[in-house]
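Biologist: I have a few questions about this model. Can we go through them one at a time?

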Amino acid sequence: MLRVLEECDRVSADFSADPVHDLRVALRRCRSMADGLHALDPDPEWKAMKKAGRALFRSLGDLRDLQVMMEWIDKLHPADVSAEHSSVEKDYVDAGDSLALPQSERNSGSTEDAAAAEGQNRNARDPAAQGLLEILTHRETQHKYEAKSALDDFDRKQWRQWSKSLPQRAARFRPGSPLFRHLALERWTEARKLHDRALRNRSQIALHTLRIGIKRFRYIVENFLPEQHKAWSNDLKKIQDLLGEVHDLDVLWNTAVECHVFPDADAKKRWHARILEERAKRVEDYRKRMVGPNSLWQVWRAALPQGKQIQELATRRMKLWAYALDPDFAHSEHIARMALELYDGLGNAGLLNSDHGSDERFSLWAAALLHDVGKSKKKNRHHKASQRLIEDHGVPLGWKPAILHRAAIVARFHQGALPSRSHKALRDLLSNEQKTIIQLAAVLRLANALDFSHDGSISHVRIEAELNRKRRTDGFLRKPASDLCKNEAVVIDASGYRSTSPIAQTVAAERYLLETVLRRPVLVRAMKSMPAKQARKK
């Protein structure tokens with residue numbers, strides 16, 4: 001981060017091409033590091049730092065685009081070399097004659113010669129190139145002024161403070177850890193999708209978006225995976241340079257057309273042919289490196305998480321994120337365990353109908369684990385903030401979007417108003433999904449009530465179902481829909497439960513939704529004893 005401040009001092013001299021490029025690189029690296037670490041550490045300072053450099057970065061980007069176009073004009077349409085040589089030879093001849101002239105005449109002659117040489121070189125360059133160069137030179141002056149204004153507004157004092165505090169937060173995460181490899185896999189997956197789309201249509205927008213996707217992948221590797229960066233840095237830079245040059249050529253052509261610099265149709269055709277030729281070379285070079293079974297995509301993918309490890313790392317990332325936001329994460333973990341005990345017990349007793357199988361159970365666990373993240377925003381009515389935070393977080397690679405969306409709504413109803421099909425959070429969902437969310441919210445509300453005191457006094461729960469499993473009807477043995485007879489109460493044994501405690505009062509209120517869902521009374525009582533086999537499992 002201190003490099004940014006050093007480059008600010010350098011660029012302020014004249015905003016020339018190299019210092020502008022170096023400052024943008026330093027800013028981009030800091031912003032990309034903040035982007036990566038914010039996925040693991042939701043401290044608002046990362047987002048604030050990223051936002052602070054945005055205005056300066058964009059202003060310098062406009063200036064940099066102009067300077068790059070001017071460099072491309074020199075590459076594609078240089079001034080006539082023969083004209084430059086003749087100008088140099090004339091300077092040598094005139095220099096010998098001018099020694100015999102007075103000083104004032106010598107100065108006057110040199111000024112006239114310089115003007116004549118400049119005019120000769122200008123006329124020697126392609127007219128369209130010269131016209132575009134003059135327009136860009138004029139625009140560069142204006143963009144330098146805007147960049148200087150953005151640099152003056154850049155809060156260097158605040159940036160210096162961040163350069164002391166944020167590295168300390170970053171030091172808590174070990175470079176090269178599996179969590180960063182999972183984050184790199186997310187960026188790889190996003191970039192690979194952009195690659196497939198770009199190869200289908202090869203449009204300017206698709207290739208530019210692909211360039212940004214690969215750049216984001218490269219910065220995660222560069223900042224957090226030192227071993228992979230050592231092996232891949234040259235290839236990543238080459239690929240990014242190829243796509244960057246394709247983008248530069250596209251911008252150059254669009255700008256030339258916009259400025260109407262072509263004197264005739266033939267000049268425009270020659271320009272377009274030359275740009276397409278250079279562009280095609282780079283696209284073909286990209287294809288050779290990135291298409292096929294031995295492409296760089298496969299090389300990079302082989303070193304990143306595989307199989308079941310992907311979901312495990314995604315879960316670790318979500319737990320780490322929740323731990324940073326939840327003031328009592330141990331309570332949330334305990335609620336998650338008891339919620340699954342309730343859900344499994346009710347399911348085994350045939351009292352809950354599951355249409356989503358393991359996804360429904362995982363959604364309940366995720367909702368229980370994340371239900372209090374909203375307390376980082378506000379203590380009262382935090383359940384609404386929890387829903388917003390979960391939905392805004394984004395789906396980590398390895399989780400299904402439907403699971404996280406369902407978990408966000410279930411977390412929203414862990415307290416406060418009871419869920420109903422007409423509620424704005426549920427009304428647009430399918431009927432089966434509404435039913436599932438209400439069931440899960442009922443289980444979560446009761447589990448949360450069982451640890452109302454946040455002390456873990458109730459360690460575990462189980463559903464008591466010891467009634468007759470079969471009954472005789474019309475001379476035939478028929479199995480009822482559940483292990484409980486109609487209208488019979490569901491008995492929940494809770495270890496450490498006391499009927500006179502404040503927890504019992506909360507449970508009495510929060511069991512109502514579950515009773516509504518099950519259409520039968522719910523009785524919570526103290527667990528007398530646990531079988532030895534079940535105790536060993538716990």
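Biologist: Which helices are included in what covers the buried residues of α16?
Modeller: Keep in mind that this is a predicted model. Helix α16 spans residues 358-370. Of its 13 residues, 10 are buried, so the helix is largely enclosed by the rest of the structure. The cover includes α14 (308-325), α15 (329-348), α17 (382-393), α18 (401-412) and α19 (431-449).

Biologist: Which residues of α16 are buried?
Modeller: Buried means under 20% relative accessible area. In α16 that holds for Glu360, Phe362, Ser363, Leu364, Trp365, Ala366, Ala367, Ala368, Leu369 and Leu370.

Biologist: How far does α16 reach from its first C-alpha to its last?
Modeller: The helix has 13 residues. At 1.5 Å a residue, 18 Å is expected. The model comes close to that, with a reach of 18 Å.

Biologist: Asp326 is buried, so which side chain of opposite charge is nearest, and how far away is it?
Modeller: Asp326 lies in the loop between α14 and α15. A salt bridge needs a nitrogen and a carboxyl oxygen within 4 Å. Asp326 has none. The nearest side chain of opposite charge is Lys375, at 5.8 Å.

Biologist: Which backbone nitrogen does the side chain of Asp326 reach?
Modeller: Beyond four places in sequence, Asp326 touches Ser332 and Asp372. Its side chain also reaches a backbone nitrogen at 2.9 Å, that of Asp328.

Biologist: What is Leu450 in contact with, leaving aside its neighbours within four places in sequence?
Modeller: Leu450 is one of the core residues that touch the most other members. Its contacts are Met338, Leu342, Ile458, Val461, Ile503, Val507 and Val524.

Biologist: How many residues are in the second, separate core?
Modeller: Its members include Val4, Leu27, Trp46 and Ile214. The second core has 62 residues.

Biologist: Is Arg202 exposed, partly exposed or buried?
Modeller: Arg202 sits in the loop between α9 (178-201) and α10 (204-224). Its phi is positive, about 55°, although it is not a glycine. Its relative accessible area is 40%, so Arg202 is partly exposed.

Biologist: What is the relative accessible area of His260?
Modeller: His260 is in the loop between α11 (226-259) and α12 (265-290). It too is not a glycine, yet has a positive phi of about 55°. His260 is exposed, with a relative accessible area of 68%.

Technical notes: Residues are numbered from 1 along each chain as its sequence is written. This is a predicted model: local features need pLDDT of at least 70, side-chain atom pairs count only at pLDDT 80 or more; totals for chains, interfaces and linings use all residues. Side-chain values use heavy atoms; hydrogens and water are left out. Helices (H or I, at least four residues) and strands (E, at least two) are DSSP runs, numbered from the N terminus. Buried means under 20% relative accessible area, exposed over 50%, partly exposed in between (1.4 Å probe, protein chains only). The expected span of a helix is 1.5 Å times one less than its number of residues. Contact means heavy atoms within 4.5 Å. A nonpolar core is a set of buried Ala, Val, Leu, Ile, Met, Phe, Trp, Tyr and Cys residues joined through side-chain atoms within 4.5 Å. Lys and Arg count as positive and Asp and Glu as negative; His and the chain ends are not counted. A polar contact is a pair of N or O atoms within 3.5 Å; within protein, one must be able to donate a hydrogen and the other to accept it, and residues adjacent in sequence count only if both atoms are side-chain atoms.
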